[in-house]
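Open the model in your viewer and keep the selection panel handy. We will go from one stop to the next.

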Amino acid sequence: MIAVINTLLFIISIAWFLVIASAIFSWLYAFNVINANNQVIATIGRSLYQLTEPIYRPIRRILPNFGGVDLSPLVVLVILFFLEQIIRSVLAPALLAP
């Protein structure tokens, strides 16, 4: 059972990393720091978009429009943090109790 809990926590960590990488990439792209015409950069951007957009889309439907400021990555990070805390403080002790 410890392996399942650690795997869930690892998946949450990967999702956390992808959300932060996607947010940083979008800032670099928006401020024209990176060359969008570079094929490698475009591939990384498309990959990050395809990995994170299914998570962002339902949240963007609920959040109001803030005039160009996208708060959906922040909401996703809060949800991921909440899930991690639930697993660590509720699920793990309940499953590992003797």
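Start by selecting Trp27, which lies in helix 1 (helices are DSSP runs of H or I, at least four residues, numbered from the N terminus). This is a predicted model, where local features need pLDDT of at least 70, side-chain atom pairs count only at pLDDT 80 or more, and totals for chains, interfaces and linings use all residues. Residues are numbered from 1 along each chain as its sequence is written, and side-chain values use heavy atoms, with hydrogens and water left out.

Next, show helix 1 (residues 2–30) beside helix 3 (residues 72–96): their axes are 10 Å apart and they pack at about 170 degrees. Helix 1 and helix 3 are therefore roughly antiparallel (angles over 145 degrees count as such). The axes are lines fitted to C-alpha atoms over the stretch in contact, and angles run from 0 to 180 degrees between N-to-C directions. The residues of this contact divide into 19 nonpolar, no polar and two charged.

For the last stop, select helix 2 (residues 39–62), whose axis comes within 9 Å of that of helix 3 and crosses at roughly 110 degrees. Helix 2 and helix 3 are therefore roughly perpendicular (65 to 115 degrees). Display Ile55, Tyr56, Ile59 and Arg60 of helix 2, which make the contact with Ser72, Pro73, Val75, Val76 and Ile79 of helix 3 (heavy atoms within 4.5 Å).

Conventions
Helix = DSSP H or I, 4+ residues; strand = E, 2+ residues; numbered from the N terminus. Parallel < 35°, antiparallel > 145°, perpendicular 65-115°, else oblique. Nonpolar A, V, L, I, M, F, W, Y, C, P; charged D, E, K, R; others polar.
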